[in-house]
Amino acid sequence: MSETLPPIPATAPPATPAPADLDRILRDPGFCRHSTGRVAVVEWEDGTGWSEPRIEPYGTLAMDPATLGLHYGQAVFEGMKAFRGADGSVSLFRAADHGRRLALSAARLAMAEMPVELFIRACAELVAADEHWVPGGYGQSLYIRPLLLATEAEMGLRPSRRYRCVFLAYPADPCFGSDFRPLAVTAATETVRAVRGGTGESKCAGNYAASLLTRTQAQAAGYDEALWLDGLERRWVEELSTMNVFFVWHDEDGPRLTTPPCDGSIVRGITRDSLLTLAGGLGLRAAEEPTAIDAVREGLRTGALAEIFASGTAGAVVAVGRLGTGDGDLFVGDGKEGPVTARLRAALLDVQHARTPDTHGWLLPV
Ligand code: COI
């Protein structure tokens, strides 16, 4: 029997709920179930350029049905987070890197590129207004979703001359749950998400749409996610629909971390980059290295491949416990989270919650 859909909200959610309601939400926010009731908006128009950020109540977007962004897919987004530190202060994590990535995504889709300084200012103003919405639990955050959309109405195919960027904010647990239960994933053997030279590395809405059919089929078959292979040879592991992927190999010199290189069809994950950086500090060898699905299969059978995990802003760091390879299912180790995965997640969350010194300059206090 199908579930009843929740009604479309007729009014904006309250930006300042009663303290008891806010406490209840922040204790168990789930993933983006409750908007803070406020957004930041920045607009661009040909000839005028970028507006200053405005903080507005959350509300529906009124759009002409001929809007270019709806027909031809000029829509890119970011996923970033603000964390509460051990001392109660709130900081944005790697805001400039998210701003740069939004500009790269926009450039690939011939959209206006927002200056990084303006992007950071819009995020910071929104988080300052929503400071009371930032949860304090370890692993929890205020998830910020900047969406840049072409808003000009035009039926001919050409880049829009008008854009709007709406920054949404939600208190959030990690998207696959705060218990970090290991995921079951299965390699996509029939469809591809992206090809080199396409839009795979930009965070455009179309990439996520392209992943939905296979991801939904994987979920119906009992997996959490689809694991994408390269679009040309269908051989090289790329990423999951929502997260990058890492492997932990064991050889005589100890654990060695690898992740597929970002060569055009993989999202340049900021969590991915953070983990590659943090691995060095933990004394782990780490490399960006092409990995064939056959080598994964073989490594799991022989035990040379000890751990697989996924990384992303929304999900943080989550172990993969079971892998469908297109040729039967294999467990990763004993199917439980491995020690390298746990250490890397702790190292990341410790920096994000300012429990360890921010030696890389990743935190921007708000
Ligand atoms: C993120 O990790 O922030 C993303 O944008 C992935 C999204 C599909 C949840």
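**Notes on the predicted model**

1. A place to begin is P17, which sits in the segment before α1 (19–27); the coordinates, here and throughout, are those of a predicted model. P17 counts as partly exposed, because it has 17 C-beta neighbours inside 10 Å. Although P17 and T36 are 19 residues apart in sequence, their C-alpha atoms are 9.1 Å apart in space.

2. Is V42 buried or exposed? V42 counts as buried, because it has 22 C-beta neighbours inside 10 Å, and the cut-off for that class is 20 or more. Leaving aside residues up to four places away in sequence, V42 touches W50, S51, P53, M114, L118, A122 and C165. V42 and D87, by contrast, are 32 Å apart from C-alpha to C-alpha, with a separation of 45 residues in sequence.

3. On the scale of the chain, the division is into domain 1, covering 26–172, and domain 2, covering 183–353. The C-alpha centres of domain 1 and domain 2 lie 26 Å apart, and the contact takes 25 residues from domain 1 and 14 residues from domain 2.

4. On the side of domain 1 that touches domain 2, the elements giving two or more residues are β4 (75–77), β5 (80–84) and α3 (95–108). The largest share of that side comes from α3, which gives six residues. Sorted by class, this side of domain 1 has 12 nonpolar, six polar and seven charged residues.

5. From α6, the residues T271, S274, L275, L278 and A279 meet L344, A347 and L348 in α8. By class, this contact of α6 with α8 has six nonpolar, two polar and no charged residues.

6. A last question concerns the ligand: which residues are around the ligand? They are G79, C175, Y208, T242, G312, T313 and A314. Taken by class, the shell around the ligand has three nonpolar and four polar residues, with no charged residues.

Note on methods. Residues numbered from 1 in each chain as written. Predicted model: local features only at pLDDT ≥ 70, side-chain atom pairs only at ≥ 80, totals over all residues. Buried ≥ 20, exposed ≤ 12 C-beta atoms within 10 Å, placed from the backbone. Contact = placed C-beta atoms within 7 Å. Near = placed C-beta within 6 Å. Nonpolar A, V, L, I, M, F, W, Y, C, P; charged D, E, K, R; others polar. Helix = DSSP H or I, 4+ residues; strand = E, 2+ residues; numbered from the N terminus. Domains from an automatic or database assignment.
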